[in-house]
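Biologist: I am new to this structure and would like to learn how to read it. Could we take it one feature at a time?

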2 protein chains.
Amino acid sequence: MLTLYDCATAPSPRRARILLAEKGLAHETVAVDLRAGEQFGEAYRAINPLCTVPALRTDDGLVLTDNAGIAAYLEAAHPEPALLGATPREKAEIASWNWRAEFEGLLAVAEALRNGSPAMSGRALPGPVPYPQIPELAQRGAQRAAQFLDTLEQRLAQSPYVGGEVFSIADITAVVALDFARVVKLRADEQRPHLLAWRERMAQRPSMSL
Amino acid sequence: MLTLYDCATAPSPRRARILLAEKGLAHETVAVDLRAGEQFGEAYRAINPLCTVPALRTDDGLVLTDNAGIAAYLEAAHPEPALLGATPREKAEIASWNWRAEFEGLLAVAEALRNGSPAMSGRALPGPVPYPQIPELAQRGAQRAAQFLDTLEQRLAQSPYVGGEVFSIADITAVVALDFARVVKLRADEQRPHLLAWRERMAQRPSMSL
């Protein structure tokens, strides 16, 4: 049985939860209380020294400590349904858009939140090193997040899914980034009609309520 | 014939050059003069609206505009030698370490350089949007880059390659990150003996002089 070290309120483990659901893979959940700082405790450090969620323990005891490793593992061990693409062209488009949803989307919102929220003081980056907040980075993150929503709007005006013609991990990362962007008061609305329509289509997938 | 839009002095296109060489793939090169701002000109924007290098034009005219897409495409279209791993475990470890080399390594050095160098004023992020420099981010980037070299040192004390038991794209990204870190006066030396020994082994590969 797979075991996911998870936190219901955080965006990064949500990516793994949705991916597991889309692959049709059952798993056990261990909740890690990020608000209480459980990720910095000795017990969790022994599982994941990076002090981040998600982590995924596989059937044979391998512990994967980030979404990059989790996605590569699950796609290789459970190829169907393919979520990283089938042909070279699909794989390329999906990898590229997944990367953009992470760098331009998730990372930008995280910069805004972690550098702006008083509750995140001294935690401007995930992980065990306490980095101080940089207020200008909060501002830049919010600006970049809005820009990424424009990028998605343009993309989805031309393409049914973020990664192209098929549903893929790029949609998962983009949904998580978009929903996370609520913390900087950004959401899909009538000003970005293609983004809104795509998000409504995504909501029809049971995985997206996880 | 593949065509690489390249710049000899920049780290990102170097990743693609090394990858192509390790795959044994010949390609044509179009040099883009980043110092003169050629990436922002109309001619290059028509090729890559993101105004970044590398971009790779494939045999059938597909243009890939980032390393994520380029790596996924080349591995799928030209599987041998495998540089993203063979088994699920290998693929996971390599994806994870490639991601870390990018986020914790390359991105950290880029933050330091782009937010600290007078020549990069107004270009704190790649791409067409002119973001102002954030001096604290330059400082944090340099700190994170040094920390990533420590991470690599620990990893290479236990593992012959960055991604595990086999040479992979994670080594390529880590070499490029390490060499790029010279701009913040970091390099492999006797203080990090495993990192130094690995870099010397990497230097025996003809690709790494590209």
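**Reading the model**

Modeller: This is a predicted model.

Biologist: Where is B:Lys185 in chain B?

Modeller: B:Lys185 sits in the loop between helix 6 and helix 7 (193-202) of chain B.

Biologist: What is the phi of B:Lys185?

Modeller: Most residues other than glycine have a negative phi. B:Lys185 is not a glycine, yet its phi is positive, about 65°. B:Cys51 is another non-glycine residue with a positive phi, near 60°. B:Cys51 belongs to the loop between helix 2 and strand 3 of chain B.

Biologist: Is B:Cys51 buried or exposed?

Modeller: B:Cys51 counts as buried, because 21 C-beta neighbours lie inside 10 Å and the cut-off is 20 or more.

Biologist: Why is A:Leu83 called buried?

Modeller: A:Leu83 is buried because it has 24 other C-beta atoms within 10 Å. A:Leu83 lies in the loop between helix 3 and helix 4 of chain A. Leaving aside neighbours within four places in sequence, the contacts of A:Leu83 are A:Leu19, A:Glu22, A:Glu75, A:Ser168 and A:Ile169.

Biologist: Which residues touch the most other members of the largest nonpolar core?

Modeller: In soluble globular proteins, nonpolar side chains tend to be buried together. Here the largest nonpolar core has 124 residues, and those touching the most other members are A:Leu19, A:Val109, A:Ala177, B:Leu19, B:Val109 and B:Ala177. Not counting residues up to four places away in sequence, B:Val109 touches B:Gly141, B:Ala145, B:Ala177, B:Phe180, B:Ala181, B:Val183 and B:Val184.

Biologist: How do helix 1 and helix 6 of chain B cross?

Modeller: The axes of helix 1 (residues 11-23) and helix 6 (residues 169-180) of chain B come within 10 Å and cross at roughly 145°. The crossing of these helices of chain B is right-handed. Helix 1 of chain B brings B:Pro11, B:Arg14, B:Arg15, B:Ile18 and B:Leu19 to meet residues of helix 6 of chain B, including B:Ile172 and B:Val176. By class, this contact has 7 nonpolar, 1 polar and 2 charged residues.

Biologist: How many residues of chain A are in contact with chain B?

Modeller: 25 residues of chain A are in contact with 25 residues of chain B. Helix 4 of chain A gives the most to the side of chain A that touches chain B, with 8 residues. By class, that side of chain A has 15 nonpolar, 4 polar and 6 charged residues.

Biologist: What rotation superposes chain A on chain B?

Modeller: Two copies of a chain are related by a rotation about an axis and a shift along it. Here the rotation is 180° with 0.0 Å of shift, and the RMSD is 0.0 Å. That is the relation of a two-fold axis. In chain A, the C-alpha nearest the axis belongs to A:Leu137, 4.0 Å from it. The same surface serves both copies, as 100% of the contact residues of chain A recur in chain B.

Methods: Residues are numbered from 1 along each chain as its sequence is written. Chains are lettered from A and ligands numbered from 1 in the order in which they are written. This is a predicted model: local features need pLDDT of at least 70, side-chain atom pairs count only at pLDDT 80 or more; totals for chains, interfaces and linings use all residues. Two residues are in contact if their C-beta atoms, placed from the backbone, lie within 7 Å. Helices (H or I, at least four residues) and strands (E, at least two) are DSSP runs, numbered from the N terminus. Ala, Val, Leu, Ile, Met, Phe, Trp, Tyr, Cys and Pro count as nonpolar, Asp, Glu, Lys and Arg as charged, and the others, Gly among them, as polar. Copies are superposed by least squares on the C-alpha atoms of residues with pLDDT of at least 70 in both. A nonpolar core is a set of buried Ala, Val, Leu, Ile, Met, Phe, Trp, Tyr and Cys residues joined through C-beta atoms within 7 Å. A residue is buried if 20 or more other C-beta atoms lie within 10 Å of its own, exposed if 12 or fewer, and partly exposed in between; C-beta atoms are placed from the backbone. Axes are lines fitted to C-alpha atoms, for helices over the stretch in contact, and angles run from 0 to 180 degrees between N-to-C directions. A crossing is left-handed if the near helix is turned anticlockwise from the far one by less than a right angle, and right-handed if clockwise.
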